[in-house]
Amino acid sequence: MSYLYEDNEEGNSGGIGFKRPKKEILLRQQQHTFFASRYLLRARTMSVTKAVSSLDSVVVKSPNDRRVYRVIELENGLSALLIHDPDIYLDGSAADGQNTDGDQMDEDGEEDSDGSYEDEEMEGDEDEDEDEVKGKEDHQTKKAAAAMCVAMGSFLDPPEAQGLAHFLEHMLFMGSTEFPDENEYDSYLSKHGGSSNAYTEMEHTCYHFEVKREFLQGALKRFSQFFVAPLMKTEAMERELLAVDSEFNQAIQNDACRLQQLQCHTSTKGHPLNRFAWGNKKSLSGAMENGVDLRECIVKLYKEYYHGGLMKLVVIGGEPLDLLESWVVELFGDVKNGSKIRPTLEAKGPIWKGGKLYRLEAVRDVHILDLTWTLPPLRHAYVKKPEDYLAHLLGHEGRGSLHSFLKGKGWITSLSAGVGDDGINRSSLAYVFGMSIHLTDSGLEKIYDIIGYIYQYIKLLRDASPQEWIFKELQDIGNMDFRYAEEQAADDYAAELSGNMLAYPVEHVIYGDYVYQTWDPKMIEDLMGFFTPKNMRIDVVSKSVKSEEFQTEPWFGSRYVEEEVPLTLMETWSNPSEVDTALHLPSKNQFIPCDFSIRAINSDADPKSQSPPKCLIDEPLMKFWYKLDETFKVPRANTYFRINLKGAYDSVKNCLLTELFINLLKDELNEIIYQASIAKLETSLSMYGDKLELKVYGFNEKIPALLSKILAIAKSFMPSLDRFKVIKENMERGFRNTNMKPLNHSTYLRLQLLCKRIYDSDEKLSVLNDLSLTDLNSFIPEVRSQIYIEALCHGNLSEDETVNISNIFKNSLTVEPLPVKCRHGGQITCFPLNAKLVRDVTVKNKSETNSVVELYYQIEPEEAQSTRMKAMLDLFHEIIGEPLFNQLRTKEQLGYVVECGPRLTYRVHGFCFCVQSSKYGPIHLLERVDNFIKDIEALLEQLDEKSFEDYRSGMIARLLEKDPSLLSETNDLWSQIVDKRYMFDFSHKEAEELRSIEKKDVIEWYKTYFRESSPKCRRLAVRVWGCNTDMKETQTDPKSVQVIADAVAFKSTSKFYPSLC
């Protein structure tokens, strides 16, 4: 891969320094040709004259972008980018400036904080109902949003209170002088279809939200007070410190986080990187124990850096720019005045000493080789992006690349290269270029050889000199990607642009990420001068580290060994005597499109005329759905295929042989699909039960050519022994790493009890060990002999082009149709009336302190063509989600993860409550969740009609929110096909159903499914016990509880719902 972002395992929760990566951070460049901008400075007479400048038509944007941008600066130094999105109020209803404020004081709420846990459902076993369900009908709307980036971050933590910037970010959510209730901000957003988030980076902190369009002004009122008069009360600090600690404990077993902290810990003493940026109870409470007044420190940090000169605001609304400007001037004019000069950082000497190798003991079964080279800061060179040119070549996966060469030797399974997008890797002090290489067992023994070949490739690049045709290729790709960029969700876009305002000149806040304007071979050559062994840091992350001289990183407790690299090797790497002839530059990319013509004839299609997908082909072999895009009008298409394979899920052996085949097929296809991905034509291959899901999506011109190549190989491919061994080893490692994260483990156990046929990961590991290449080669012809394909082709494709795609399948795969009776359908356990089930397990990772309780209530299966149950579940979630968080997370501080939401498992409805805690055990957690559930009835009874209507209209707004992109709309349509529901106007129907639901209906529904005395209250509590808990506490369980010790035995006596999909 040609960019590096280290999030390759459990996933980071948006915490310190773990900003979500910008979409495709590299290879988004183009010439500054037809996008030239004109500058217009206008003086404006306003009632409050605090905007000292206002610029229209300055921001360089895509010709396809209908939004209008204005940049203003207030007297206090604050810069704001105002964005009028005409699609937010398509009916023009905002023209009069009547935005709803609704300043009533609410009692519930708290921050969504740094990131919320996303349920990682097992493949094919659950299609979860997310909060953000989109609609496609005549009342589509888009949300308004805002973001604020402040140019201060963890680099400015005082040494005596590490993690203070992150803690400050948390504290700003805890009430202000004007809105003193701690939960006022999030309660307001929750009631009005919105949400919020924040993250702390090394040199900036970002806060952002989205909200139903007519409540933007009210949300901005509450948001602005973060930066005017936050309370930062002592009692709130004590509780929120526990939230920071819980967030840290959630990441403490994450190998990527542990490596990053080791790199900080072993950096040069006195360097700004030599710190603990996360913060936890030890670093912050410890500071107080050492006599530090933490509140005084946090107030000092706020007063020193939270001023207008360091703030960049983005507001996206449907109102006219003049009105948006008046709101910003009024609400943010009271922000403290301050200098625009950024905080200065001093770094004497290099970040790390050269010639060192660090072996870090891993939590998971992994072997990772990480190489880093320190470069000078390169933000000023963003129109040249020399580091991206090198990332493209060092991270390439085509023939002649390092990836292809090292994979061929059986030493690696993946390789990525580039400058990461987080603040550690891109700072004003330095850029850090990294290579992250996942090794096989044999590769672990060949680390020095691998590094030797990397330096051979670097020598190749030096000898070949920078190639303008490669730069031009990337430039062309970036140019088309910028012109036809897909729109993001409004809050993501606002957060990205506010960060970009700190990084680029105002005219390039959009263009800066994409621009690849100036060819500068000298700069590339100079940059290659930094790729030397003396400037290289080596990290090896592995479970296999053995030593009698372990050192311990103090914050995560990670064990590591520091070694000197032999001087003879350093000298050899510095000047390789030769370059292996198998290494060479990539060939020209055959997948870069030339045809960008749009198939939709109508230039301004009326949303009311939008038709659902139609079935073009319905035959024993295949069913093809088709929809021409008349909304986004970009030269992109998304082609999705689900292919039932004969007998693929009939037994655990068949399941494994199918997975082996698909993984080996992906391995064989890699060089082709990688080249296509560079040209923004993506491919994914996944298994769901007996179904192979193939997705090919992106610029549409080359889709048929790529599909033809994929299917030609898939038809005849038979794997080799050497690749079989590597892929089998990788699968074994994957099964050993399954369920290492307690949240994943609890979900897995729930699904294991719900799904009639599901193969246990431990069973898979045992059976996989005995499988041979002979077994696989015997199985492949059989699994390919009969298939059934269901497909969706959506986007810039004509009917004839879609039929042509179907013919590619027919001509490439000359096989028999798979009968309906032979296709696997998921069945779900039907819990008995009054079921009160419990499943207890200990954490798989014996060092994991976090416990989890996941409490699942089974509701009912979907009824044909009915959306009422779904509407009820979504509205219930809308009402109780924020009070749950406020009570169990903010007030009781049970743990960092406190969430609830609907679950849809093979079209059987359910509802889950989930809490993760490193402080409390499962018994206490379940008691507190039960207590909250019992109180829900009173919460609903006390809900006034105005608040109920707010929640209902907020949910309707979510359902009717316009899809931001073609890809988003395709995914919604595809979910209807996968679930075999085929209700392509599902969101519209649910919104209509919601309008008829009253408060008394929700109360009766709650009594039916959640009150313990009701026969239809059927629940399963999955309890995952952390390493510091004692499962003997289960002896206190009431006799009414049925403990499930064996999932197979439990399901052998259970009844099951009929299969719906």
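Here are some notes on the predicted model above, point by point.

1. **Ground rules.** This is a predicted model, so local features are taken at pLDDT of at least 70 and side-chain atom pairs only at pLDDT 80 or more, while totals for chains, interfaces and linings use all residues. Residue numbers start from 1 along each chain as its sequence is written, and side-chain values use heavy atoms, with hydrogens and water left out.

2. **H1 against H7.** Start with helix H1 (residues 164-171) and helix H7 (residues 294-305): their axes come within 10 Å and cross at roughly 85°. Helices are DSSP runs of H or I with at least four residues, strands are E runs of at least two, and both are numbered from the N terminus. Axes here are lines fitted to C-alpha atoms, for helices over the stretch in contact, with angles from 0 to 180 degrees between N-to-C directions. H1 and H7 are therefore roughly perpendicular to each other (under 35 degrees would be roughly parallel, over 145 roughly antiparallel, 65 to 115 is roughly perpendicular, and the rest is oblique).

3. **What sits between them.** H1 brings Leu-164, Ala-165, Phe-167, Leu-168 and Met-171 to the contact, and H7 brings Leu-294, Cys-297, Ile-298, Leu-301 and Tyr-302 (contact means heavy atoms within 4.5 Å). By class that makes 10 nonpolar, no polar and no charged residues. For the classes, Ala, Val, Leu, Ile, Met, Phe, Trp, Tyr, Cys and Pro count as nonpolar, Asp, Glu, Lys and Arg as charged, and the others, Gly among them, as polar.

4. The structure has 73 salt bridges, each being a side-chain nitrogen of Lys or Arg within 4 Å of a carboxyl oxygen of Asp or Glu. One of them joins Lys-300 to Glu-304, with the closest N and O atoms 3.6 Å apart. Both residues lie in H7, 4 residues apart, about one turn of the helix. Lys-300 is exposed at 54% relative accessible area, and Glu-304 is partly exposed at 39%. The cut-offs are under 20% relative accessible area for buried, over 50% for exposed, and partly exposed in between (1.4 Å probe, protein chains only).

5. In helix H12 (residues 447-464), Lys-459 and Asp-463 are 4 residues apart, about one helical turn, and form a salt bridge with the closest N and O atoms 3.6 Å apart. Asp-463 counts as exposed, at 53% relative accessibility. Now look at helix H24 (residues 868-891), where Asp-874 and Lys-870 are also 4 residues apart. Their side chains meet in a salt bridge at 2.6 Å, N to O. Are the two partners buried or exposed? Asp-874 is buried, with a relative accessible area of 4%, and Lys-870 counts as buried at 4% too.

6. **A salt-bridge network.** Asp-65, Arg-66, Arg-67, Asp-85, Asp-87, Lys-142, Glu-487 and Lys-962 are linked through salt bridges into a network.

7. **Strand S5.** All of strand S5 (residues 144-150) is buried, 7 of the 7 residues, so the strand is largely enclosed by the rest of the structure. Ala-144, Ala-146, Met-148 and Val-150 point one way, while Ala-145, Ala-147 and Cys-149 point the other. S5 pairs antiparallel with strand S7 (residues 205-211) over 7 bridges (strands pair if DSSP finds at least two bridges between them). Ala-146 has Phe-209 as its bridge partner in S7. S5 also pairs antiparallel with strand S8 (residues 311-317), over 6 bridges, and there Cys-149 is partnered by Lys-312.

8. **The seven-strand sheet.** This open sheet of 7 strands runs S11-S12-S10-S13-S9-S15-S14, with mixed pairing. Strands S11 (412-419) and S14 (551-552) are the edges, each pairing on one side only. Strands S9 (residues 356-361) and S13 (residues 536-542) run parallel, joined by 6 bridges, with Lys-356 opposite Arg-537 in S13.

9. **The six-strand sheet.** Another open sheet, of 6 strands, has the order S26-S27-S25-S28-S24-S29 and mixed pairing. Its edge strands are S26 (897-905) and S29 (1042-1043). Strands S24 (residues 836-842) and S28 (residues 1018-1025) run parallel with 7 bridges between them, and Val-841 stands opposite Val-1024 in S28. Helix H20 (residues 742-754) lies across S24, S25, S26, S27 and S28, at about 35° to S25.
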